[in-house]
Amino acid sequence: MAAFPRVPGFLCAVTLLAAVSLTGCGGGGSDAEKGADASEVARQPDDFGCLTSAEAEAASITFESADSTETGGYMPGGASGTGTGAGIVLAHQSDGTACQWKDKADELHRAGYQVLAVNSVGQEVSEIVGAAGYLRGKGAKKLLLMGASKGGTAVLTAAPELQPQPDAVVSLSAPTLYSGMNALGAVPKLTAPVLYMAAEYDEYFGDDAKTLNRASTRSAEHKLIYVKGAGEHGVALLTSQENWAAVRAFLKKYGS
């Protein structure tokens, strides 16, 4: 009589053991394997909407902004690139991504600069400060900032916060104020050389460039290129070879 009650329990135990064995051998994979798969997905590089898969693999990086937010960026040469030349942080317009700077970033990289085009998620000043620290951590002995439109406002606002301040700043069609950023309040504290560029027929941006230039009284050099008869905005100003040559000359002057 005592043996009969044990049979169902024994069969249940055997069934349970078989189920566990099948689960372990099944195609679902272990937790460790699933974790590895998830990690691989998390490490997929961002193409920012313009990079080929090879370019994204080689040049899409992440860095920590000043507020500890993970931020993406396009860095020709990749995160493993090091050097002692000038580093350039590029900040895009409100209607763009890091892609807006890709062609110029590639050209500047070929010229020997370490370039990081920030892909902003809306914390522009914190992102610029973080990008500057990232490039300095990669060995950049000189630091240049360049931004277009809201990106110009961002680099002008961020520059006085950096210690030491950057070696030079370029602002293309920057408004004096944008989304909580106050470039007009920041540039009187800017000691770094600064180049402003804006077009005559680009709404109010030309007047803002004049105002910012006048306020940059402590800068080692403050220069305004007011493009008469033109209406291009931000990065589009650099489609002119003459404008781009002027910017390149300014970057070389302070980045060499």
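**Surface, disulfide and helix packing in the predicted model**

The accessible surface of the protein chain amounts to about 12600 Å², and carbon and sulfur atoms contribute 55% of that area. The structure is a predicted model. Of the 256 residues in the protein chain, 46% are buried. The secondary structure of the protein chain comprises nine helices and 10 strands. Among the contacts in the protein chain with a separation of 6 or more, 75% are between residues 24 or more positions apart.

The count of disulfides in the model comes to one. This disulfide is formed by Cys50 and Cys99, with the sulfur atoms 2.1 Å apart, a value within the 2.5 Å cut-off applied to a pair of cysteine sulfur atoms. The angle about the S-S bond is -95°, and the link of Cys50 and Cys99 is left-handed.

The packing of two helices is described by the angle between their axes and the distance between the axes. For helix H5 (residues 124-137) and helix H6 (residues 150-158), the angle is about 65° and the axes are 9 Å apart. The crossing of H5 and H6 is right-handed. On the H5 side, the contact is made by Glu124, Val125, Ile128 and Val129, and on the H6 side by Lys150, Ala154, Val155, Thr157 and Ala158. By residue class, the contact of H5 with H6 consists of six nonpolar residues, one polar residue and two charged residues.

Helix H6 also contains Thr153. The relative accessible area of Thr153 is 0%, and the residue is therefore buried, the limit for this class being under 20%. When neighbours within four places in sequence are left aside, Thr153 is in contact with Ala174, Pro175, Thr176, Leu177 and Tyr178, as well as with Met181 and Ala183.

Conventions: Residues numbered from 1 in each chain as written. Predicted model: local features only at pLDDT ≥ 70, side-chain atom pairs only at ≥ 80, totals over all residues. Heavy atoms only, no water. Axes fitted to C-alpha atoms, helices over the stretch in contact; angles between N-to-C directions. Helix = DSSP H or I, 4+ residues; strand = E, 2+ residues; numbered from the N terminus. Left-handed = near helix turned anticlockwise from the far one by under 90°. Contact = heavy atoms within 4.5 Å. Nonpolar A, V, L, I, M, F, W, Y, C, P; charged D, E, K, R; others polar. Buried < 20%, exposed > 50% of the residue type's maximum accessible area, 1.4 Å probe, protein only. Areas by Shrake-Rupley, 256 points an atom, 1.4 Å probe, with all protein chains shown as cover.
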